[in-house]
Amino acid sequence: MLRHAVTQGPAVPAPALTRPALLVLCACVLVAQGMVAAVNLLIPQLAASELHPDPGELLWAVDAYVIVFAALLIPAGALGDRYGRKGALLAGLGLFAAGGAASALAQDPAVLIAGRGVCGAGAALIMPATMSVLVHLTPPERRGRALATWTLSAGLGGLAGNVGGGLAGEYLTWRALFWAVVPLGALLALAVARAVPRTPSRPAAAVDPLGAALLAAALLAVVYGIIEGPAYGWASVQVLTAFVLGALLLAAFTGHALRAARPLLDPRIFGSRRLRAGTLGIGAAFFGLFALFFVNAQYLQYAKGFSPARTGFAIVPLTVGMALVPRFGARLQERVGPRLPVGAGLGLIGAGLLLVSTADAGTPYALYALYLLVLSVGTGLAAPSLTLTVVAELPSHQAGLGSGLNTAAREIGAALGVAVVGTVLASRFHGNPQDPAQVVAFTDAMGAALRTVAVVLLCASAAVVTWYRAGRRGRGRDAVAAAEGAS
């Protein structure tokens with residue numbers, strides 16, 4: 001049975017996870033995730049910089065990181081499984097630092113965009129490697145709580161990025177933010193080398209170069225279309241071409257994977273309803289969270305008049321639920337299964353978005369912070385169970401692949417959240433939000449956009465809860481086992 005494969009450790013006993021190793025792994029996650037959010041608060045400074053980027057180049061300076069990151073996550077996870085997770089993590093930190101240096105030294109927008117892409121490739125190696133090391137070093141009965149800590153670090157990374165980007169935007173320069181990546185990457189690499197033990201690699205693990213290229217290209221096209229949709233229009237030639245190309249490449253990948261003896265990712269694993277539930281649930285949670293991130297900075301600066309630094313700190317209430325609730329969510333999952341914490345958590349995220357959608361210029365910040373707290377508690381409650389579902393539904397020797405799938409779902413959900421809220425906002429508001437006379441129109445449009453995101457999230461949540469109910473653990477693992485046997 002696959003259950004045995006999931007819970008059984010490798011033939012060579014793995015060392016135990018020490019607290020220093022856990023802290024180092026979580027620090028890597030926090031830094032990699034933080035760079036997703038930090039640059040968003042530097043857009044005005046980049047636009048006015050000596051690089052003189054046009055609007056398209058400015059968009060790519062922000063999005064290159066996310067696009068490359070999302071496209072390479074699954075192949076990067078498989079590479080870690082085959083050649084060693086610690087080596088993949090060190091290589092990722094090296095790329096991350098190199099990309100930061102290239103961005104900081106950029107004298108034209110093309111070099112800045114390329115540096116951001118290199119950073120994204122480094123993050124694609126870092127995120128799956130950290131999670132798969134945790135999976136291998138933690139016994140099954142403690143795995144849920146370890147993954148709750150990993151989830152907390154990823155959530156705090158987004159918040160640290162907001163705070164760091166806000167401080168850099170107000171007191172430093174955009175180059176200072178990128179230069180900071182270089183010593184951070186070097187220090188983390190040294191800490192990984194000293195504190196994190198090696199886990200057994202698996203030379204027989206599938207890397208499937210053709211499958212990896214097809215899947216990365218498909219994800220690249222789809223994420224590009226999602227991100228560019230609000231800027232060019234969903235019916236534009238650029239966006240429709242990206243989606244059609246993504247669909248064709250995904251179909252080609254599926255056909256190849258069904259025929260290959262050892263595919264990178266066998267599509268038949270999604271016969272597991274629990275795996276579908278976990279993947280969709282993670283995507284839905286970050287769909288809502290990043291939709292909020294997109295409008296939060298604009299609301300606080302334009303409607304409330306906050307400075308960039310104060311804006312970065314004003315979202316800190318989101319840390320409360322993410323810091324205190326994940327371990328409770330993991331313990332609840334151990335007692336009653338994932339359906340209750342996932343359903344309640346996703347419901348609270350939707351409720352938090354609906355509450356934030358009522359905010360206007362006259363809303364007291366204390367009340368706004370309470371709305372953020374509701375959303376924060378929901379994220380902390382649902383995320384550990386969703387993450388554990390995806391990882392546990394795959395065999396332990398594919399921990400890197402499962403970690404890549406988990407993080408890819410997060411990033412695609414985040415990109416969709418930004419795209420949907422941005423599209424609805426742009427369709428309802430055509431003025432200048434910095435004009436005090438237009439603030440009411442802006443907050444009305446923001447409310448409509450967040451309500452749209454909340455409705456989509458709650459519909460997805462209903463499907464997730466249904467799949468958890470219908471897909472009992474044994475059936476889900478049998479579906480994955482059948483996929484492995486067919487391969």
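This is a predicted model: local features need pLDDT of at least 70, side-chain atom pairs count only at pLDDT 80 or more; totals for chains, interfaces and linings use all residues.
Let me begin with the overall picture. The protein chain contains 19 helices and zero strands, and of its 487 residues, 57% count as buried. If we take the contacts with a separation of 6 or more, residues 24 or more positions apart account for 86% of them. The accessible surface comes to about 18200 Å², and 67% of that belongs to carbon and sulfur atoms.

On that surface there is a nonpolar patch formed by Leu167, Tyr171, Leu172, Phe313 and Val316, which together have about 490 Å² of accessible area. One of these residues, tyrosine 171, lies in helix H7, which covers residues 140-171, and it is exposed because its relative accessible area is 58%, where the cut-off is over 50%.

Glutamine 33 sits in helix H2, residues 19-38, and with a relative accessible area of 2% it is buried. Once neighbours within four places in sequence are left aside, glutamine 33 is in contact with Phe69, Met127, Ala154, Gly157, Gly158, Phe290, Arg410 and Glu411.

Helix H14, residues 326-336, gives us a view of a whole element, and its buried residues are Pro326, Gly329, Ala330, Leu332 and Gln333. Seen down the helix axis, these buried residues fall within an arc of 165 degrees, so they line one face of H14. As background, an α-helix has 3.6 residues a turn, so residues three or four places apart point the same way. Just after H14 comes glycine 337, which takes a positive phi of about 90 degrees.

Now to charged side chains, where the count comes to one salt bridge. It joins the side chains of glutamate 50 and arginine 175, at 2.6 Å from N to O. This pair links distant parts of the chain, since glutamate 50 is in the loop between helix H3 (43-47) and helix H4 (55-83), whereas arginine 175 is in helix H8 (residues 174-195), 125 residues apart. Are the two partners buried or exposed, or something in between? Glutamate 50 counts as partly exposed at 47% relative accessibility, while arginine 175, at 16%, counts as buried. In general terms, side chains of opposite charge can pair when their charged atoms come close.

I will finish with alanine 47, which is found in helix H3 and counts as partly exposed at 39% relative accessibility. Not counting residues up to four places away in sequence, alanine 47 touches Pro53 and Leu58. Alanine 47 and glutamate 57 are 10 residues apart in sequence, and their C-alpha atoms are 9.5 Å apart in space.

Technical notes:
Residues are numbered from 1 along each chain as its sequence is written. Side-chain values use heavy atoms; hydrogens and water are left out. Patches are made of residues with over 30% relative accessible area and no salt bridge: like charges are joined within 9 Å, nonpolar side chains (Val, Leu, Ile, Met, Phe, Trp, Tyr) within 5 Å. Accessible areas come from the Shrake-Rupley method with a 1.4 Å probe; for residues, only the protein chains shown count as cover. A salt bridge is a side-chain nitrogen of Lys or Arg within 4 Å of a carboxyl oxygen of Asp or Glu. Helices (H or I, at least four residues) and strands (E, at least two) are DSSP runs, numbered from the N terminus. Buried means under 20% relative accessible area, exposed over 50%, partly exposed in between (1.4 Å probe, protein chains only). Contact means heavy atoms within 4.5 Å. The arc is that of the directions from the helix axis to the C-beta atoms.
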